[in-house]
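Please walk me through this structure, starting with how its parts meet and ending with the links inside it.

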Amino acid sequence: MRILSPAKINLFLKITGKRPDGYHDLVSLMCCVGLYDTVSLTFDVTEASVSCSHPDVPEDETNLAFTAASLFFNTLNINKSVKISIEKQIPVAAGLGGGSSNAAAVFLGLNRHYGYPFSLDKLISMGLSIGADVPFFIFRKPAIVSGIGDKLKAYQKLESFKILLVFPGFSISTAKVYKNLNLGLTNCKKKLRSFLLNEQSFDPRCHLCNDLETTAASMYPGIFTVKEALLRHGALGALMSGSGSTVFGLFSDSDKALKAKNVLAENDKWQLYLVDMITKETRDNSKQGYL
Ligand code: ATP
């Protein structure tokens, strides 16, 4: 079985507090985008294994896709193994959720293969024990995600923009950003006040914000360089995704986005991906899930 495993962006990410257990509560508008890893599953093998085309991704039990398979079989209480191969297209440790997406793809693929033993809600709660973004990737629709990633509410009003993803050529550890986070330097509260009260339509000119961006950019100034370049070359707005390092620009049409891509391509350290947001409008069934 081959499963497409999409990347995500955070159109806003507001930190709402720090919990006694050290986790942060957040509220985030998340959307999948058309950049995919391919996760292949081979069933009924004698030994569980995972391999990945990217050198920075572990090929052992710490791989999130492997962890997902172990949790699935243990919860189902069956003695089975699966071989997992991951063809990586999504930059690693880049704020695009690649590892969490791979874990969700494994949950969805195994659940389908074994005749849907678990409900979507059960898969979502199993996913949360692997990572905060896994529930969203099981849900897969544009959503306002809150709590520690456990509360998901479909967000239907999202207009689809052309997205130019810019991976600046370096990765960022999520843990490091949270460790350095200064809650005094956050700016989402003001920007999102009326959006969150009235659940308005998302407007990139008003609502794009990420409370982790100032901290991450003070550690890695290259993030601001990318953001400025996107804004200078016609993006309606630009923002770091998740805990970085990828910055995305939103464009009203493909021509403008393509022009910006061609200019930004002059920086040979940057990896550029021109993609669609996966909303109701742009959902392409052949690209959803299984190949
Ligand atoms: P997060 O915010 O959850 O850290 P991210 O989107 O910034 O996620 P990922 O690409 O998911 O980054 O990688 C985060 C870390 O997880 C990397 O250090 C990587 O080695 C590890 N990892 C484990 N399994 C995977 C996987 N299947 N794909 C990618 N990375 C994985």
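**Domains and their links**

The model is a predicted one, in which local features need pLDDT of at least 70 and side-chain atom pairs count only at pLDDT 80 or more, while totals for chains, interfaces and linings use all residues. Residues are numbered from 1 along each chain as its sequence is written, and side-chain values use heavy atoms, with hydrogens and water left out.

Domain 1 covers 2-156 and domain 2 covers 162-278, with bounds that come from an automatic or database domain assignment. Their centres, taken over C-alpha atoms, are 22 Å apart. In contact (heavy atoms within 4.5 Å) are 30 residues of domain 1 and 39 residues of domain 2.

The size of an interface is often given as the accessible area lost when the parts come together. Here the buried area (accessible area, 1.4 Å probe, that two parts lose on being put together, summed over both) is about 2600 Å², and carbon and sulfur atoms give 68% of it. Leu11, Phe12 and Leu13 supply 20% of the area that domain 1 buries against domain 2, more than any other three residues.

Which charged links cross between the domains? The count of salt bridges between domain 1 and domain 2 is zero; a salt bridge is a side-chain nitrogen of Lys or Arg within 4 Å of a carboxyl oxygen of Asp or Glu. On the side of domain 1 that touches domain 2, strand 2 (24-43) gives the most, with 10 residues. Strands (E, at least two residues) and helices (H or I, at least four) are DSSP runs, numbered from the N terminus.

The structure as a whole holds nine salt bridges. One of them joins Lys8 and Asp133, whose closest N and O atoms are 4.0 Å apart. Lys8 is in strand 1 and Asp133 in the loop between helix 3 (120-128) and helix 4 (134-139), 125 residues apart.

There is one disulfide in the whole structure, a disulfide being a pair of cysteine sulfur atoms within 2.5 Å. It joins Cys188 to Cys209, S to S 2.5 Å. Cys188 lies in helix 6 (residues 188-198) and Cys209 in strand 8 (residues 209-210), so the pair ties together parts that are 21 residues apart in sequence.
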